[in-house]
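Colleague: Could you take me closely through one part of this model, the aromatic side chains and their surroundings?

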Amino acid sequence: MSTLSVRQVRFRFLLLHGLRWLPSGLTIPVMILLMQERGLSLSQIGLVSLAQGVVVLALELPTGGLADVLGRRPVLVTAWLVGLVSLLIFAVADSFALFFLVWALQGVFRALDSGPLESWYVDATLAADPDAAYEPGLGYAGTVIGVAISTGALLSGGLIALGPIGPVSALTVPVLV
């Protein structure tokens, strides 16, 4: 593999960061509404969402070590696959147990996803130029997160406005997208 320039590393990092957060923007506006539409009470929604926090708390440090042992790319790919599986289950979930599973898988996803991309960016930037400043790229990542989430939320609202598509409720469409 050829060596990337600092500019190429930053571009890839920000692109991957945007692609990671765009799906979150699509689902954030509909998550609570979809769970209510499928019969969960607000207290049940609070309990199932607690699963994510507990799983992230339990796995945050071990998954960091996993990225060091297995490598960042396999951990990120695994994270994104777990995230995809959780969204597919979310699209069809209709019970407390399934929503609990969705949020627990989201916790696994969040724990695996937390850090490897940023670590790669810092290491790749310094490999391209040991004197390069990587801090601005990390700062730009915050802007990219905001733009990706807001873009996803706007797209989500547009998809919901289209109404149901066949048997798929309007609130489920952004999750499937």
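How many aromatic pairs does the count come to?

Modeller: This is a predicted model, in which local features need pLDDT of at least 70 and side-chain atom pairs count only at pLDDT 80 or more, whereas totals for chains, interfaces and linings use all residues. Residues are numbered from 1 along each chain as its sequence is written, and side-chain values use heavy atoms, without hydrogens or water.

The count comes to three aromatic pairs, where rings of Phe, Tyr and Trp (its six-membered ring) pair if their centres lie within 6.5 Å, and planes under 30 degrees apart are stacked, over 60 edge-to-face and the rest tilted. One of them joins Phe-13 and Tyr-121, whose ring centres are 4.3 Å apart with planes at 15°, so this pair is stacked. It links distant parts of the chain, since Phe-13 belongs to helix H1 (residues 6–27) and Tyr-121 to helix H6 (residues 116–128), 108 residues apart; helices here are DSSP runs of H or I with at least four residues, strands runs of E with at least two. Both Phe-13 and Tyr-121 are buried, that is, under 20% relative accessible area with a 1.4 Å probe and protein chains only.

Elsewhere, Arg-20 lies over the face of Trp-21, 3.7 Å from the ring centre; this requires CZ of Arg within 6 Å of that centre and within 35 degrees of the ring normal.

For context, an unreviewed UniProt entry lists residues 12–35, 41–59, 80–105 and 138–162 under "transmembrane region", and such annotations may be inferred rather than shown by experiment. Residues 12–35 are 88% helix and 0% strand, with end C-alpha atoms 35 Å apart.

Key. Buried < 20%, exposed > 50% of the residue type's maximum accessible area, 1.4 Å probe, protein only.
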